[in-house]
Amino acid sequence: MASATLTPYLRDQRHDLGGGSADGIRPSSLTTTVPREYVHRNALSEVFLTNWRRGGADTWVVSAQWPRAHTFYGPLHGMHDPILLIETVRQAGILLSHVAHRVPLDHPIIWQRVRYDLAPQALRAAQHPAEVELHITDRDMVHRGKRLVSALQEFRIRCDGAELASATLDYSCHSPAVYRRLRGEYGDLALANSRTLPVPEAVSPPLVAREHDRDVVLSPTDRPDRWQLRVDTSHPVLFDHPVDHAPGMLMVEAARQAAQAATPGVTLPVSMECSFSRYAELDAPSWVQARTTGRGDDDRRQVEVTVEQHGQPVVSAQVSCVPSPP
């Protein structure tokens, strides 16, 4: 069973997606964010998408804006946070599932795999918010009747007019009834959150290129290459709304921080691929392990990160890091 990483907080509500078309609903003279419900976010400050339009028969163009500063995905050493790229891809995939493929807003979107490869020079932050454009191609769209059940989407991403990255998102969609059958008692949101473990201590923030304990998602163990996952459900970004399991973006951040801890100096993850195998529950510890697997001619270091719970794989990630530019 694939890991559900994007469970909507609107499970018991029904929404009308009418009032606009899949080709976009905003006049070109106005700029605002898309409705927060379309990207499964509670806080408007966490919505980065601004518009969408059809590009071709199976292609879409989604616009986004990255802020000059952010409480969690903020620039470091003059470079935008690469994980902001995954969050933007996440939002774009969810948006198109609703506005283009008519998936109801209360249907969970479940990640199987997410990947990106980026050009570091295009991440340089300027003295203005970054304008990001995602060109998205639908691949391997599977329907059951008229309902989308799984999708593979390929992304070509530009930032302030420069080629930034390619990315892939592989996900499935389930009705609330199917999700409840998959999750059993763990699908009870209140019960799952009542069982949440106490948050363990954080590793030193500089070890994972963070400034504050609250943003550290790793807790030390007796091994330098193994950590307990810190699941802090009060974190305003990683837990923007209540969920019944550890969310996918927490796992992505754990992979990034583990790769950083496994490599010397401050590094930039220029590529990452995360595959999700099962849910990480809130009532048991998850364990994160990093292993350096190689080093390229450009000083690129390859790190393999795994997350396990109850001795079973939850997430596997391959991260390529380069030293942060001066």
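Student: What makes Phe 72 count as buried?

Tutor: Phe 72 has a relative accessible area of 2%, and buried means under 20% (exposed is over 50%, partly exposed in between, with a 1.4 Å probe and protein chains only). So Phe 72 is buried. Bear in mind that this is a predicted model, where local features need pLDDT of at least 70 and side-chain atom pairs count only at pLDDT 80 or more, while totals for chains, interfaces and linings use all residues. Residues are numbered from 1 along each chain as its sequence is written, and side-chain values use heavy atoms, leaving out hydrogens and water.

Student: And Tyr 73, buried or exposed?

Tutor: Buried, with a relative accessibility of 4%. Across the protein chain, 52% of the 326 residues count as buried.

Student: How many aromatic pairs are there, and why is the one of Phe 72 and Tyr 73 called edge-to-face?

Tutor: The structure holds three aromatic pairs. The ring centres of Phe 72 and Tyr 73 are 4.9 Å apart with the planes at 75°. Rings of Phe, Tyr and Trp (its six-membered ring) pair if their centres lie within 6.5 Å; planes under 30 degrees apart are stacked, over 60 edge-to-face, the rest tilted. So Phe 72 and Tyr 73 make an edge-to-face pair.

Student: Which charged end sits over the ring of Phe 72?

Tutor: That of Arg 210, 4.0 Å from the ring centre. The rule asks for NZ of Lys or CZ of Arg within 6 Å of the centre and within 35 degrees of the ring normal. Arg 195 likewise sits over the ring of Tyr 186, with its charged end 5.9 Å from the centre.
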